[in-house]
Amino acid sequence: MNRLACCSLSLACLLLAASLHAEETLLRDVIDREIKAGWTKENLTPPTKSSDTVFLRRIYLDLVGVIPSYDEATAFLKDTDPKKREKLIDKLLADPRYARQQAQVFDLAMLTRSHKLVEGQVGYRNRGRFREWLAKQFEANEPYDRIAGKILQAEEDGSQLFFAVYNGADEMVTAVSRFFLGTQIQCAKCHDHPYEPWTQKDYHGMSGFFVRTMAVEVAGKSEVTNQKGKQYRVGEKTVGEALFSLEKIDPKTKKKETIPIPPKFLLGDVLKEPETPKDFVEPKLKPGEVPPKPVFSRRAKFVSWMTAKENPFFAKAAANRFWAQFMGRGFVHPVDDFNSQNPTSNEPLLRAIEKELVAHKFDYKWLVREIVNSEAYQATDLGNVTDAMPKFYERARIRPLIVEELVASLHVATGLPLESALKTEPTKDMLQYLGEPADGQGRFQGSMTEHLFLHNGDQFRGLCRPNKGNLSEQLLASTEPWETKVEKMFLSVLSRPPSSEEKERFVKYLSVPVKEAKPTSTPIEEAMWVLVSCSEFRLNR
Amino acid sequence: MGKHMNTNIQSGTCNSGHHLSRRSLMKGLLTTASGMAVANWGALTHSQSIAAEAKRTGKRCIMLYMAGGVSQIDSFDMKPGRPTAGLFRPIQTKVAGIQVCEYLPNMAKHADKLAIIRSMRTKTPDHGPGGYYMHTGYHPSERFPHPEVGSMIAKYCENPESDLPSFVKIGSQSGLYGAGYLGPQFDPFTVSDDGKLPAFANPAVTSEIQDRRGDLLNFMEQRFREQRPGEPFAAHRTSELRTIRLMKARKTFDVSAEWEKAKQRYGNSDFGRACFTAFKLVQAGVPFIEAAHGAYDSHNDNFPVHKACFQELDPAWGSLLQDLQDSGLLDTTLVVWTSEFGRTPAINFQAGRDHFGRAWTVVLAGGGIKGGQHYGSTDRDGFEVKENPVSEADYLATIYKAMGVNYKAKHFLGSRPIRATEKGSTPIDEVLG
């Protein structure tokens with residue numbers, strides 16, 4: 001970084017620090033000031049405010065993971081209170097769906113969709129217990145540092161999936177450093193990093209904290225595991241060292257010599273630990289058993305280091321990650337890759353959020369409320385920018401609905417009760433064909449397989465077809481004029497009324513009598529299919 | 001549009017209403033026959049001069065990808081009499097000086113078609129990064145959206161009039177790396193290991209209804225896109241158009257009638273059927289097909305693993321070359337045999353061989369390749385390349401040149417120009433005809 005930039009940066013921080021002392025300054029205002037400064041600096045046209053309909057759909061999907069129902073949408077759009085957005089945000093943050101949605105998002109960010117388990121895949125069922133546990137944390141608004149600590153302690157029932165997925169010290173080091181520390185140190189396994197300060201000693205030093213950790217599957221009763229997925233236990237042995245291969249070849253084994261590396265905090269000190277008694281013998285374990293709790297737990301030491309206020313990585317990584325969750329792109333992007341070659345797009349703002357997050361004791365809900373109340377979050381979806389995640393937030397980000405959101409939203413859109421919307425799990429097909437719509441860079445790719453499924457798969461068609469009191473059936477039975485019915489369809493599926501042109505076109509489409517004696521579908525089903533198949537429905541903007 | 005109803009959903013016909021005009025796409029005019037605009041990925045990602053340069057080469061490529069890392073010493077770079085030789089014996093091929101493994105007798109018969117590159121020296125001994133590197137020519141740590149080879153070839157060699165996907169991946173064991181900066185229209189279309197389409201590729205409604213609701217969908221998308229040029233929306237619309245076209249051409253994937261007879265030659269395996277499907281797709285004009293085979297990752301029991309794999313590979317690969325030759329397509333169809341890396345010359349204590357990138361083998365045939373030759377060599381025991389090392393990027397540059405694709409083509413992502421293969425890479429002219 002050049003000196004000038006450094007100067008202006010520290011100046012900005014000073015100003016920021018000074019301004020934060022003023023009592024009324026809310027973080028949302030700091031966000032808007034800094035984001036606007038970014039637009040000015042980059043010479044970008046500031047976006048206008050999103051329309052009520054766009055904001056409505058966006059905030060529902062982001063906070064509670066499902067589109068608003070017809071009733072919820074009309075209630076909000078009719079409300080004339082100038083503070084109605086703030087009111088809705090508070091309402092949704094207190095909604096039971098909020099915890100469920102945050103649990104889904106964190107589970108996927110942490111474990112990804114397709115990671116291998118101890119055996120086999122992380123089946124959808126196996127996530128159930130973990131998601132329930134996560135949801136409890138979000139429901140209680142447990143501070144994020146505590147949630148993170150509990151995941152790594154892996155003692156509470158349901159919290160253990162992390163180590164069942166990332167099994168083995170290498171995977172643990174990579175996953176923990178990427179998710180919780182926002183850094184990628186895996187390269188340092190084989191060589192000192194060419195640009196970053198970490199060395200092989202850092203990598204293997206971190207490995208030392210996890211090398212004794214193991215996860216086992218609990219032999220559960222099948223009636224339990226079938227319904228709620230497998231159960232795991234995580235334990236820690238008393239002995240075991242991270243080994244580092246030297247270049248030197250051992251003359252006896254003809255292999256590279258290895259030496260044990262003591263646990264070392266990333267960019268910090270070597271762990272001081274008591275000697276293990278020389279005569280200690282690790283107890284033999286039966287299948288499904290974990291070792292008794294060690295007298296000295298290295299992993300516990302790691303957790304206290306990681307979640308300490310002064311940890312140089314943790315709060316920054318969290319601030320960046322939470323921001324990106326709602327704004328599309330982290331100040332550092334991708335969010336798990338802080339490094340000297342990857343500059344921060346708005347350093348003062350990242351620092352401000354980090355500082356305030358620590359000051360608010362890692363209150364996740366507080367931060368979410370500040371972010372989504374900002375004008376930056378509530379920016380328009382319109383404009384000439386093509387990027388899904390504009391670098392300076394000059395237009396709202398566009399993201400695909402995760403398959404869980406899609407399933408729930410499809411149910412709500414087609415007029416089924418919220419209860420069934422939240423209860424229905426994505427089918428195996430939906431997980432396969434709609435489950436990973438983005439490339440490795442987070443860009444939506446929309447495969448042909450996805451569209452084949454939209455066209456011909458049973459799920460979409462089944463919900464659009466008049467059936468079991470769903471919207472199509474209600475509309476067919478109703479004697480209201482087609483204009484009213486079309487309005488209801490649009491508000492139910494797209495959370496907005498139709499334009500006059502759209503209304504005219506749909507009314508025409510729907511009021512044409514069906515000629516076929518045995519039609520394979522009906523206009524009402526087709527019109528519903530069109531609304532749930534269009535890009536407006538598929539994506540959150 | 002949609003006024004004329006097209007009830008014929010056989011291969012080769014297409015409904016103009018949904019027909020994305022590929023010609024206009026090439027010109028950067030992005031409308032469909034019905035006036036629906038789609039993503040301007042072309043102009044977004046490459047310069048006008050490259051667009052003008054892009055033309056149909058009429059060439060096709062089939063990539064046979066040996067998933068897990070295939071052993072060079074047990075196939076095409078045998079070391080008889082050396083400590084690293086292993087259990088397999090070499091057999092003489094129809095070309096003097098070329099020997100192959102005893103479990104590849106069909107390939108011995110086709111040796112005159114093969115350019116055997118024995119001097120691959122690659123940088124990543126891990127499956128994920130290795131597969132990425134061999135597919136894109138770039139190291140994954142760049143974290144840059146490089147397209148995989150199939151996407152690049154799809155872009156430059158696609159038939160603008162075809163309703164079929166321009167890049168078909170049979171089975172996904174070879175990894176999905178995507179079209180990257182070329183945009184989702186060049187993403188692989190993945191079918192199952194034996195080449196079959198998913199069951200829901202069959203239209204659930206009649207073509208009248210499909211057209212009728214397609215019109216309504218187009219109407220919605222047109223209005224929506226007016227002030228929303230975002231890439232994800234465009235990706236969604238493009239995939240929709242391509243899917244409609246694919247559904248009309250889907251019969252091409254159905255080889256079941258001919259398979260009954262063909263399986264006697266190709267071998268009654270998923271990979272056999274995949275190779276036969278690849279042949280039929282090439283006949284139908286698909287420019288790039290990748291078929292993955294096996295689980296070659298033989299850290300334990302290398303020899304039984306490779307023997308079993310080769311017994312499926314050999315008849316399938318051999319029959320593919322034979323059918324291409326018999327149908328006159330061999331000269332324009334490049335067949336690549338490749339992997340993410342080779343396997344160690346040293347045999348480990350579990351009678352396995354481990355990952356090895358320092359000196360291994362890939363094989364090219366057809367598509368104008370000069371067959372019946374070795375290129376490059378390794379030392380006595382196969383630990384190091386002795387002459388003419390070939391990098392991942394050199395290998396891809398060779399494929400691109402054989403396909404008539406400019407391997408130096410610059411694409412732009414933002415203002416940063418990216419070459420198809422990295423600077424300093426050179427095609428192996430000795431194997432190109």
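**View 1. The loop at B:Asn388 in the predicted model.** B:Asn388 sits in the loop between strand E14 (385–387) and helix H12 (392–402) of chain B. Helices (H or I, at least four residues) and strands (E, at least two) are DSSP runs, numbered from the N terminus. Phi of B:Asn388 is near 55 degrees, positive in a residue other than glycine. Most residues other than glycine have a negative phi, and most peptide bonds are trans. B:Asn388 is partly exposed, because 16 other C-beta atoms lie within 10 Å (buried: 20 or more such atoms within 10 Å; exposed: 12 or fewer; partly exposed: in between; C-beta atoms placed from the backbone).

Residues are numbered from 1 along each chain as its sequence is written, and chains are lettered from A and ligands numbered from 1 in the order written. In this predicted model, local features need pLDDT of at least 70 and side-chain atom pairs pLDDT 80 or more, while totals for chains, interfaces and linings use all residues.

**View 2. The loop at A:Leu267.** A:Leu267 lies between strand E4 (256–261) and helix H13 (298–306) of chain A. Its phi is also positive, near 55 degrees. A:Leu267 has 15 C-beta neighbours inside 10 Å and so counts as partly exposed.

**View 3. The cis peptide bond at A:Pro334.** The bond from A:His333 to A:Pro334 is cis, with omega near -5 degrees. A:Pro334 belongs to the loop between helix H14 (314–327) and helix H15 (347–359) of chain A.

**View 4. Chain B against chain A.** Here 41 residues of chain B contact 40 residues of chain A (contact: C-beta atoms, placed from the backbone, within 7 Å). Strand E6 (189–191), helix H7 (207–225) and helix H8 (231–249) of chain B each give two or more residues to this side of chain B. H8(B) gives the most, 11 residues.

Methods. Two residues are in contact if their C-beta atoms, placed from the backbone, lie within 7 Å.
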